[in-house]
Amino acid sequence: MEEEEAEVYDGVRAQFPLTFGKQSKSQTPLEKIHNTTIRKAPPASAANAEAQSTSFPSLSSSSKAGLDSLRPTPKSSSNPTPSLGPPPPQSIGSNSFVAHGSIGPPQPQAHGVDDEDDGEVMVGPPRPPPGLADDEEDDDVMIGPLRPPEPADSDEEDLLYRIPTSNEIVLGGHSKVVSALAVDHTGSRVLSGSYDYSVRMYDFQGMNSRLQSFRQLEPFEGHQVRNLSWSPSADRFLCVSGSAQAKIYDRDGLTLGEFVKGDMYIRDLKNTKGHISGLTCGEWHPQAKETILTSSEDGSLRIWDVNDFKGQKQVIKPKLARPGRVPVTTCAWDHEGKRIAGGIGDGSIQIWSLKPGWGSRPDVFVEKGHSEDITCLKFSSDGQILLSRSFDCSLKVWDLRKMKEALKVFENLPNNYAQTNIAFSPDEQVFLTGTSFERESKTGGVLCFYNRAKLELVSRVGISPTFSVVCCGWHPKLNQIFATAGDKRQGGTHVLYDPTLSERGALVCVASAPRKKSLDDFEVQPVIHNPHALPLFRDQPSRKRQREKTLKDPLKSHKPELPMTGPGFGGRVGASKGSLLTQYLLKQGGMIKETWMEEDPREAILKYADAAEKDPKYIAPAYAQTQPDPVFAKSDSEDEEK
């Protein structure tokens, strides 16, 4: 029955073209997608020839070989027959592998078999490699199977470090250098802060190949973002800017609160409730999700409780050679949160142990750790090594058990930014830092990798020929390297990965193509009419000559009245001879005439003497009975002379 239905379906389907029906979407293979993000090797120059000779080999070839190995092998026939012998010899040092349907143990790999006996048939076990025969004496007889071949030096380094630098993507969006970086512990969200006063949030799971951020924040207007730090549970993050107040945000970028600012007029910093100057660094406690640490330019470190934004828990004042206020440029927790390290502006490194009854007196004090400001301090997870980075173009490795002198000093590492940091690899066998761009140098921004055990340079990876590398990080779960770079005009976060070594993260968003627009996305733009848009109310097009003529006309240009100047009249300033409009109109019409300013005062009074004598109104009736005749005082010559 099923066979009959299949025949009927095939007969009906043959009547329609092949393009009829729903077609499956063609998917771009992952190999082709990752080929577009492969890093291009920079041209070799005389300046970095020495560095390339001692640097770790690039993993681009190994990743390409790994991708080639994932391709299906071409089949010669539909039913391949398995080979009944050992597979052909394979060269040592290649990272690719080929799937064989072989039966029996694999043949040992040959280092270099001569081509003289190609025509002969090999009978018996293969001859030993020539390299192994030279090491043994001729008289000894080899008993047992062949010893495995020794791997090459490059393969040992490949297996030891496995630095994922074959592919690269850039998370852009900032208009200035990116000075802060934070990746949550799961590796799904990335925070980047910049000198353009903004913080951008990226989500690898919800981001497509356009690599756009899903949210942009501006913590404090006009203040650079200097540090970002996730909480241990990754549900909140700390934002430190150039202002005196740190802010706490939730995972989606909503503000939870900001810490209080101290009183700048109080001299003793222990009596203030918060920082009084701009912050320099801040870091969340590695284990306690309610505690954070901040440092400031006011010369203090403070421990805060995120549940209480109105005051700090502890104030730490560093030890100074002379009294004053020296800024604390950086701070850090150790892996367990039991020690605090602070980099002071005078170049000293101070470490405090959190124990009962501890105070501001440091347990470890290195007076001259660096000659200039310290930009970063980093503890190792085992608590034995401390790394320090400074403006003096150096990176120092310190043994916490003996802090008198540095174990190793790496110099010639240009540093022009106060946020240049250091990061460890997931196994902490390698640590890395970035360098700043200098006009005299031709290398640009570079990531430098160092071996912790041997204390030597392992690799130098160029990030940008014109940008400076500020912050860097190596995520343990993603196995991807993050490096922030930029200059005064633009900035971005470079993500280095290897398709064969890395997981999720950049691999997810690169393979996610942007969604195509459909008919459902079409929106009709509404047409809005307002009265001034109609032709009846629309202004005539302005012309230059007409505009100049209108400006000269005081009535059309609504020229304001000039202030009153000139001689006054009647004790008032102005030529209108009065302040009221009615007075002005009556005077101009001749109905009001004022002549008292031109008359003699004596004559003006005496002209009313006759009228006052005949009809007294005010003073004379009061004295009519008691003093009918006025009596005037006689002038005394003596009084007049006096």
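Okay, let's start with a strand pair: strand 2 and strand 3, residues 189-194, run antiparallel to each other over five bridges. Strands here are DSSP runs of E, at least two residues, and helices are runs of H or I, at least four, both numbered from the N terminus. Two strands pair if DSSP finds at least two bridges between them. Within this pair, Ala182 sits opposite Leu191 in strand 3.

Quick caveat: this is a predicted model, where local features need pLDDT of at least 70, side-chain atom pairs count only at pLDDT 80 or more, and totals for chains, interfaces and linings use all residues. Residues are numbered from 1 along each chain as its sequence is written, and side-chain values use heavy atoms, with hydrogens and water left out.

Zooming out, that pair belongs to an open, antiparallel sheet of four strands, ordered 2-3-4-5. The edges are strand 2 (178-183) and strand 5 (215-217), each pairing on one side only.

Now, the cores. A nonpolar core is a set of buried Ala, Val, Leu, Ile, Met, Phe, Trp, Tyr and Cys residues joined through side-chain atoms within 4.5 Å, and buried means under 20% relative accessible area with a 1.4 Å probe, protein chains only. The largest one has 22 residues, and Ile169, Phe204, Met207, Phe482 and Cys509 have the most contacts inside it. Which element gives the most to this core? Helix 7, with four residues. Apart from that core lies another, of 17 residues, including Ile463 and Leu496.

Back to Ile169: leaving out residues up to four places away in sequence, Ile169 touches (heavy atoms within 4.5 Å) Thr37, Leu211 and Cys509, among others.

Conventions
Buried means under 20% relative accessible area, exposed over 50%, partly exposed in between (1.4 Å probe, protein chains only).
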